[in-house]
4 protein chains.
Amino acid sequence: MTHPDTYILNATSPSRLGTVDVVTRYLREQGCYVADMQTFDDARAGQFFIRAEFRRPQEQAFDEEAFRSGFAGRAADFDMEWRLTDRSRKPNVVILVSKFDHCLNDLLYRYRTGQLAIEIPAIISNHPDLQRLADWHHIPFYHLPVTPETKAEQEAQMWDIIRESEAELVVLARYMQVLSPELCTRLEGWAINIHHSLLPGFKGAMPYHQAYQKGVKLVGATAHYINDDLDEGPIITQGIQPVDHSHYPEDLVAKGRDVECITLARAIQYHIEQRVFMYQGKTVVLGS
Amino acid sequence: MTHPDTYILNATSPSRLGTVDVVTRYLREQGCYVADMQTFDDARAGQFFIRAEFRRPQEQAFDEEAFRSGFAGRAADFDMEWRLTDRSRKPNVVILVSKFDHCLNDLLYRYRTGQLAIEIPAIISNHPDLQRLADWHHIPFYHLPVTPETKAEQEAQMWDIIRESEAELVVLARYMQVLSPELCTRLEGWAINIHHSLLPGFKGAMPYHQAYQKGVKLVGATAHYINDDLDEGPIITQGIQPVDHSHYPEDLVAKGRDVECITLARAIQYHIEQRVFMYQGKTVVLGS
Amino acid sequence: MTHPDTYILNATSPSRLGTVDVVTRYLREQGCYVADMQTFDDARAGQFFIRAEFRRPQEQAFDEEAFRSGFAGRAADFDMEWRLTDRSRKPNVVILVSKFDHCLNDLLYRYRTGQLAIEIPAIISNHPDLQRLADWHHIPFYHLPVTPETKAEQEAQMWDIIRESEAELVVLARYMQVLSPELCTRLEGWAINIHHSLLPGFKGAMPYHQAYQKGVKLVGATAHYINDDLDEGPIITQGIQPVDHSHYPEDLVAKGRDVECITLARAIQYHIEQRVFMYQGKTVVLGS
Amino acid sequence: MTHPDTYILNATSPSRLGTVDVVTRYLREQGCYVADMQTFDDARAGQFFIRAEFRRPQEQAFDEEAFRSGFAGRAADFDMEWRLTDRSRKPNVVILVSKFDHCLNDLLYRYRTGQLAIEIPAIISNHPDLQRLADWHHIPFYHLPVTPETKAEQEAQMWDIIRESEAELVVLARYMQVLSPELCTRLEGWAINIHHSLLPGFKGAMPYHQAYQKGVKLVGATAHYINDDLDEGPIITQGIQPVDHSHYPEDLVAKGRDVECITLARAIQYHIEQRVFMYQGKTVVLGS
């Protein structure tokens, strides 16, 4: 249950005496009531993280810009990176897909039933297959086929759509193309990918078939921010499902799909609730 | 991994602007570094809770008493109840048992292997059976038999041991006697009991046999602070285990024992880590 | 992965030497290959259960009727109740709803995506609200309002629809009317209901609000066959979700909805896979 | 709850019509009552597996040898490998350790409290550290130091102890030496190892530190039969524990220890309950 006038203030800075105080004192001065707050201090990295949900003052107008500029100076004293988010505003999320529909299907179901408080201004695919599913939910679908020769151009089109959509998050919901290093760099920290995670780790093609050969008893999925190494970015969350000997490769794939859906949706939820901080190739997820 | 010079400051007060700030500002003024902090605001009850783990200043001596008296005045302005705990100090825990040994066994194992950072100055029982187990761990064992006629006297002896042990927590590890309302009142908020939790709820004798008759598919346990109604105090944590048709009543009892052990140990852990606040017949557990 | 020519033979009888053999010998004689089999013997009740998935002979036509009549005689010698099911045939399932849509929504999603291999010839409701959801999936929707005066007549209409649909299963997906004892008796063993399960058990109105008052740390749901006591029939499966102090009553209700959806869907899956035997007020669920 | 006169018959053979029947018919002819049975047919590998728990005839003596020789002929017709186990007999288990004590500690706790129905005739270590723990449980402890030069000789001594103990199972409870290919071959199918499993898979030294760098959100463990490739044998069972950003490398290691203990104990339980079949580099685990 979130109060309608709730904002979230996130901040991170080098560990230093007073990092909490600079945030909480400002909130008090501004008449903002702290409803829920978590901090974490990474003692090894010397890095501090804070997430504060607060209710703006009720008796007067709340001037977001004034709040921001007032805080900016104090934050600067602590070399603090920070952002302020209106919790009632639904962020724009652009979804990239190819042919597999399980993750998209699941995300659109959560979107339609209000479980996932996002807007979806665009679905982009390198294949036409999922157009019908997008249409059904009245979401613009962009078919941007790609070949090695047209990759640069296709990514440029993709980028235009992302920018024009004012997207705050890009979700690779089983988008089966490797993004260029340039695009990865542009999307760093605001593009989430999902991929299988198997124990032990299997490299190469047909991982579920390899896993079947080994008789794995668990299949998992990892949701992470993308970076240059597409399947190896900072991990946001991971899921797991038990399997047994009666699972043939296609059953492992099916179980894998289930856990991919759940794990991806959870990662998006954490992201839009402003719980995730990315630093040094990994993440802090506060209050999850 | 806890830093050696870590303290925990817990506080609760009516919800009011500045409750976080009064804590964080004081910590800063005292040169204390906040390593980990959670707050919760119960918007329905209008009650605020905060738990702050902090490291005392390194460059100078830390005067606990000065810290306490300095904070007391400010806390009073907010009608704040609070406590300061040295995280490195192991609290004294007195354990009450009868004949069942599974919870005691489990607690002593965690105690011996250092998983549970407590001292156990006394084990009290109304039966002699578990003396040997206590001896093995070099823990004083008090056999205090009880009859309806001697109950008041027995409880008085029990209370003496608890007081002389300087116990900060009393654990009813399957102690099969109903405590008197007077003793319950004295122990309010610092005595933890464990009992079974079955779905649907079964009242009366032999609950596992009733559960078997209904073919339950889950058995559970609830750890709670005791109050007048012995099995119904504020819940700290609950555990659950799946069962199936192949579990006869004695198997359900065995599964129940497992989940009782785990759930009781977790409740004790939360309590000694100063995570639990009791109010209005229920609990807030921060950072669990 | 199920082989296309797979059948399931279920049987139960009083425990007696030879109960397994009479099944497996017949299957061998008929040239049927046993792909997956589980048995359970309830030593306390003296009742035996078996579920055998087998592949019919490939080289010749498979005469289901001949198979049935051949087995009937042998089964009779063991006072065996049994049923033969073609695994590739989707059973007709009639769904009863009122105003809450979460369970229906979830079931239709699983139905549409093929996760739940059923046909849905009819959705019946005492309210018009969910007509649109049914239409969207092209499923006939019957609005049968009910008052104390019209209850007998409404149930008669309901029964006609169930019968004419050749339903093999009736699902009460949050149908908020108590069925008459007569209808309950008619539906015994083939109608599944879902209701909340809270620890400890709360009786009466607004159970989640009661649970909130107690500060429960788990919310659950129970799927069961209906009988005279609507919320107390034989349990098929139960689910649970952790909650904490930050869950207000409406959050508990929301978590409860999630676990109701998952638990009901799992119960239906077990039922249509012919895994569930009902006896003596409880169930055996083989190979779950 | 196991009946005292219970036996387990396990068998595997190429998939063929009649494989179930040959087992169940024989059990019936011998007057043995099947209490619990599972089969699995690997349709891809064309391999069949069966595990039957049965109660021997009560009214007469049960001649195990006669039972064996009677079944041997029939099993041969199906190229069946099989074994008969008296469920009440505790198998001899030899445990190999080095310096880490968490798995040994856990196993001895389960052994002492009767949760693990085994005898432990010997604990072997290449270090003297765990002698005291063994002594405490009155179990012979063999300190067999090893260097590259003495490895062959040390393994010969180890083998002598294993053989003289009439061990049916060898458990590598964090034994930090690589066994020679010769010893691995001798122990194939009856030696269980435990090792960490991290997502994604990390190769090389200090895996938990690598996992920390990546910010993993799950740590796991795999219990497997050993083969030539020490960390890569057929998987019996796998466990997992959630972790978060607040877990430093040493916390990950600690969580890893917990999951190693639980996972290893479960694997041993499956093995001694005769649930595990090893074939084609993986396992079938029936009725787990």
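Trainee: In what sense do E2(A) and E2(B) pair, and over how many bridges?

Mentor: E2(A) and E2(B) pair in the antiparallel sense, over five bridges, where two strands count as paired if DSSP finds at least two bridges between them. Helices (H or I, at least four residues) and strands (E, at least two) are DSSP runs numbered from the N terminus. Keep in mind that this is a predicted model, in which local features need pLDDT of at least 70 and side-chain atom pairs count only at pLDDT 80 or more, whereas totals for chains, interfaces and linings use all residues. Residues are numbered from 1 along each chain as its sequence is written, chains are lettered from A and ligands numbered from 1 in the order in which they are written, and side-chain values use heavy atoms, with hydrogens and water left out.

Trainee: And what stands opposite Gln38(A) in E2(B)?

Mentor: Opposite Gln38(A) you will find Gln38(B).

Trainee: How many residues of chain B are in contact with chain A?

Mentor: On the chain B side 24 residues are in contact with 24 residues of chain A, contact meaning heavy atoms within 4.5 Å. Together the two chains bury about 2,100 Å², with 56% of it on carbon and sulfur atoms; buried area is the accessible area (1.4 Å probe) that two parts lose on being put together, summed over both. Leu17(B), Arg28(B) and Tyr33(B) supply 30% of the area that chain B buries against chain A, more than any other three residues.

Trainee: How many salt bridges are there across the interface of chain B and chain A?

Mentor: The rule finds four salt bridges there, each being a side-chain nitrogen of Lys or Arg within 4 Å of a carboxyl oxygen of Asp or Glu. In a salt bridge between these chains, the side chains of Arg55(A) and Asp41(B) meet at 3.9 Å, N to O. Helix H1 (19-29), strand E2 (33-42) and strand E3 (47-55) of chain B are the elements that give two or more residues to the side of chain B that touches chain A, and E2(B) gives the most, with nine residues.

Trainee: Switching to chain D, how many of its residues are in contact with chain A?

Mentor: Here 38 residues of chain D are in contact with 38 residues of chain A, and the two chains bury about 3,200 Å² between them, 54% of it on carbon and sulfur atoms. The count of salt bridges between chain A and chain D is two, and the side chains of Arg44(D) and Glu250(A) meet in a salt bridge at 4.0 Å, N to O.

Trainee: Which element gives the most to the side of chain A that touches chain D?

Mentor: That is E11(A), with six residues.

Trainee: Where does E11 stand in the chain A sheet?

Mentor: Seven strands of chain A form an open sheet in the order E7-E6-E5-E8-E9-E10-E11, with mixed pairing. Strand E7 (141-143) and E11 of chain A stand at the edges, each with a single partner strand, so one side of each is left without a neighbour in the sheet. From one strand to the next the twist averages 20°.

Trainee: What lies across those strands?

Mentor: H8(A) lies across E8, E9, strand E10 (218-225) and E11 of chain A, and runs at about 150° to E11(A). Axes are lines fitted to C-alpha atoms, for helices over the stretch in contact, and angles run from 0 to 180 degrees between N-to-C directions. Helix H3 (residues 102-112) of chain A lies across E5, E6, strand E8 (169-172) and E9 of chain A, at about 165° to E6(A).
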